[in-house]
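Visitor: Please show me the structure. I would like to ask some questions about it.

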Amino acid sequence: MPYAAISYDVIPGHEDEIAEIFSNFRRVSTPIMKNEQGEEVGRLLGSAVFIKDEIVVRVIHYEGDLAAVGRHMGQQSGVHDLEGRLAPYLKTKRDTTSPEKFAQHFRASHMRCIAQLTKENYPGPLPAGVEA
């Protein structure tokens with residue numbers, strides 16, 4: 001199951017304010033992602049957000065298509081609330097006011113994945129006590 005990372009360039013010195021914004025994030029209405037026909041195309045499995053000085057990284061664990069993640073997140077009111085509260089702390093301003101514009105930002109801020117190591121791709125037998 002893949003992971004994706006989204007970066008945010010923020011103004012340094014505001015780590016606590018930004019942490020507060022993310023700690024009050026309103027979760028998505030459903031982890032199930034659907035296409036325009038209403039068919040399930042994936043699931044959000046989890047996410048984590050990290051901050052260090054002027055870089056924030058959101059790691060997303062998901063099943064399905066990454067573009068569907070961007071479309072799904074762009075339709076969530078909690079995401080738009082977070083984006084509005086985060087705007088004063090961004091180095092580079094961006095327009096994420098519509099699902100289409102959010103999806104465009106999502107694609108532009110997506111970080112290149114260079115390795116994904118999981119128990120599913122562990123070479124050889126798993127250590128005792130680790131389930132496949």
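Visitor: Which residues of helix α3 are buried?
Guide: This is a predicted model, in which local features need pLDDT of at least 70, side-chain atom pairs count only at pLDDT 80 or more, and totals for chains, interfaces and linings use all residues. Residues are numbered from 1 along each chain as its sequence is written, and side-chain values use heavy atoms, without hydrogens and water. Helices (H or I, at least four residues) and strands (E, at least two) are DSSP runs, numbered from the N terminus; buried means under 20% relative accessible area, exposed over 50%, and partly exposed in between (1.4 Å probe, protein chains only). In α3, residues 77-86, the buried ones are Gly78, Val79, Leu82, Glu83 and Leu86.

Visitor: Is His72 buried or exposed?
Guide: His72 lies in helix α2. In contact with His72 (heavy atoms within 4.5 Å), leaving aside neighbours within four places in sequence, are Val28, Thr30, Ile32, Met33 and Leu44. Because its relative accessibility is 6%, His72 counts as buried.

Visitor: In β4, what is the bridge partner of Ile51?
Guide: Ten bridges join β3 to β4, and the two strands run antiparallel. Their hairpin has two residues between the strands, and there Asp53 takes a positive phi near 55 degrees. The bridge partner of Ile51 in β4 is Val56.

Visitor: Is Arg27 buried or exposed?
Guide: Arg27 sits in the loop between α1 (15-23) and β2 (32-34). Its C-alpha atom is separated by 9.2 Å from that of Ser77, 50 residues apart along the chain. With a relative accessible area of 72%, Arg27 is exposed.

Key
Two strands pair if DSSP finds at least two bridges between them.
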